[in-house]
Amino acid sequence: MPDPVTPANLTSPHAGHDTFIAPALTSRHVRLTPLTPADYGMLQMEEATTGLGLRWRYRGMTPSPDQWVRMIWDGVLAQFLVVTRKSERPLGLVLVYRANMQDQFAYLGAARFGAHARSPLMILGLALFVEYVFTCWPFHKLYLETPEYNYEQFAKSIQRYVKLEGRFHDHSYYGGRRWDQLVLALYRSTWRTEAERLLRPEVTNHSPTSLKVTMPPSKRDQPG
Amino acid sequence: MTGPPPRAPHDDDPWERFICGLAEISDRDQETITPDARVIEDLALDSLALAELIVFIDSELYARALDSGLDDRAWEGLTVRQLYDAIVPTNIEIRA
């Protein structure tokens with residue numbers, strides 16, 4: 001008889017295992033590092049002086065410094081810079097926000113800094129982050145909201161990972177025309193089957209290189 | 001008959017293995033991927049597909065050279081042969 005489907009065994013591939021496995025924040029090429037006040041100047045400059053400021057959340061607006069700091073943390077559950085391991089150079093920002101713990105979904109955001117527009121390393125950082133989010137919280141799926149002009153760059157290869165679940169027609173304005181707003185969904189179940197395409201085994205919490213802490217028997221034997 | 005199944009010919013040939021992975025990621029037939037094809041312009045790999053390619057190379061091939069130069073690598077105009085030559089050392093060891 002199969003195990004009953006409970007919140008515990010829906011939330012983690014490790015549910016029922018005897019080990020606590022910390023999500024990796026580092027892979028071979030990139031690292032996730034917390035966003036700190038020391039990064040604000042760099043991040044604000046990226047948003048204000050590159051195409052990112054037009055394509056992403058502020059859409060050309062330049063909030064005051066105080067307002068900007070409040071806005072970058074508004075509703076955020078977790079947020080990291082993606083940096084290269086070799087040079088510690090920031091590649092972009094990843095965050096999860098507007099988490100709904102009752103219905104178990106949240107929104108995933110990612111912004112790649114302008115100088116690295118073609119670099120695949122940012123994607124590797126985003127994959128680390130998705131693994132981190134699904135490990136830490138029991139989200140059923142993560143939504144990605146994006147204007148269609150951002151979607152086009154990934155339209156072919158992203159379909160393996162996400163489902164297009166919503167389209168707001170003529171939702172936003174930019175450059176003399178209106179654009180649709182798309183809502184994509186990345187399901188936990190899909191991530192579990194496809195993550196290995198973007199994460200080497202040692203960062204998917206199944207390898208000895210991940211930090212593992214064996215629970216003491218007294219805890220391990222306690223019921224659910 | 002006992003023992004492991006015979007390996008496909010490409011399993012022992014790093015170039016063929018590389019092309020096999022590239023074909024799967026780019027959703028093309030192996031025969032259509034030529035050494036002169038450009039990974040972005042001709043094979044239409046976007047950054048997500050390039051990330052998959054990096055993981056494939058890391059996982060399947062002994063790609064020591066990926067440790068250097070990946071930060072600043074220019075992908076535009078890069079051909080399949082150039083990418084292979086840049087990442088795969090001469091004395092390659094195929095991972096089991």
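In the predicted model, a salt bridge joins the side chains of E52(B) and R197(A). The distance from N to O is 3.1 Å. This pair meets the rule for a salt bridge, because its nitrogen and oxygen lie within 4 Å. In total, 4 salt bridges are counted between chain B and chain A. Across the interface of the two chains, 7 residue pairs are in polar contact, with both residues at pLDDT 80 or more.

Two helices of chain B, α1 (14-26) and α2 (47-60), each supply at least two residues to the side that touches chain A. The most comes from α2(B), which gives 10 residues. By class, this side of chain B holds 15 nonpolar residues. Another 10 are charged and 4 are polar.

The extent of the interface can be stated in residues and in area. In residues, 29 from chain B are in contact with 26 from chain A. In area, the two chains bury about 2,300 Å² between them. Carbon and sulfur atoms account for 49% of that buried area.

Chain A was also described by itself. Its secondary structure consists of 8 helices and 9 strands. The chain has 224 residues, and 47% of them are buried. Contacts in chain A between residues at least 6 apart in sequence were then sorted by separation. Of these, 62% join residues at least 24 apart. The accessible surface of chain A is about 11,900 Å². Carbon and sulfur atoms make up 55% of that surface.

Notes: Residues numbered from 1 in each chain as written. Chains lettered and ligands numbered in written order. Predicted model: local features only at pLDDT ≥ 70, side-chain atom pairs only at ≥ 80, totals over all residues. Heavy atoms only, no water. Contact = heavy atoms within 4.5 Å. Buried area = accessible area lost by both parts, 1.4 Å probe. Polar contact = N/O pair within 3.5 Å; in protein donor to acceptor, adjacent residues only side chain to side chain. Helix = DSSP H or I, 4+ residues; strand = E, 2+ residues; numbered from the N terminus. Nonpolar A, V, L, I, M, F, W, Y, C, P; charged D, E, K, R; others polar. Buried < 20%, exposed > 50% of the residue type's maximum accessible area, 1.4 Å probe, protein only. Areas by Shrake-Rupley, 256 points an atom, 1.4 Å probe, with all protein chains shown as cover.
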